[in-house]
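Morning, everyone. Let me put it on the screen.

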Amino acid sequence: MPIFDFGCSHCGHKFERMISNEEKKNICCPQCGTPEIKQLLSVFNTGSRGEKNAFPCQAACSGNGCKFGL
Ligand SMILES: [Zn+2]
C-alpha cells in the first residue's frame, strides 16, 4: 500500500498513513480527532525522505499554523 501524507485542517497536525484509497475517506486526525483531513501532495517513497523539504509551504509559514493551502 502507498503511504499518504495528511494534514489536519483543524489543528494543523501532519501525519502519514499507509492506507488504501477506500480507507482514505475514513481517517481522522490522530491528535484532535477531527475528520477534516486534507491529503497533502507527498513525494512517494523515494528512499530519502527530506522531512524539511516535504512541504514547500513550510518556508513561508515556518511550520506554525500552516494551513497547507491545498
Ligand atoms: Zn487535528
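**Sheet first, then the core**

Start at Phe 6, which stands opposite Gln 39 in S3. Keep in mind that this is a predicted model.

S1 and S3 are joined by four bridges, and they pair in the antiparallel sense. Now widen the view. The sheet is open and has three strands, ordered S2-S1-S3, with antiparallel pairing. Which strands are at the edges? S2, at 14–18, and S3, at 37–40, each pairing on one side only. From one strand to the next, the twist averages 40°.

Next, the whole chain. Two helices go with the three strands. Along the sequence, the pattern reads β-β-α-β-α.

On to the core. Which residues make up the largest nonpolar core? There are five: Phe 4, Phe 6, Cys 8, Cys 29 and Ile 37.

Look at Ile 37 in particular. Set aside neighbours within four places in sequence, and Ile 37 contacts Phe 6, Cys 8, Ser 9, Ile 27, Cys 28 and Cys 29.

Two totals to finish. The chain has 70 residues, and 11% of them are buried. Take the contacts between residues at least 6 apart in sequence: 42% of these join residues at least 24 apart.

That's the tour. Over to you.

How values were computed:
Residues numbered from 1 in each chain as written. Predicted model: local features only at pLDDT ≥ 70, side-chain atom pairs only at ≥ 80, totals over all residues. Buried ≥ 20, exposed ≤ 12 C-beta atoms within 10 Å, placed from the backbone. Contact = placed C-beta atoms within 7 Å. Core = buried A, V, L, I, M, F, W, Y, C linked by C-beta atoms within 7 Å. Pairing = 2+ DSSP bridges. Axes fitted to C-alpha atoms, helices over the stretch in contact; angles between N-to-C directions.
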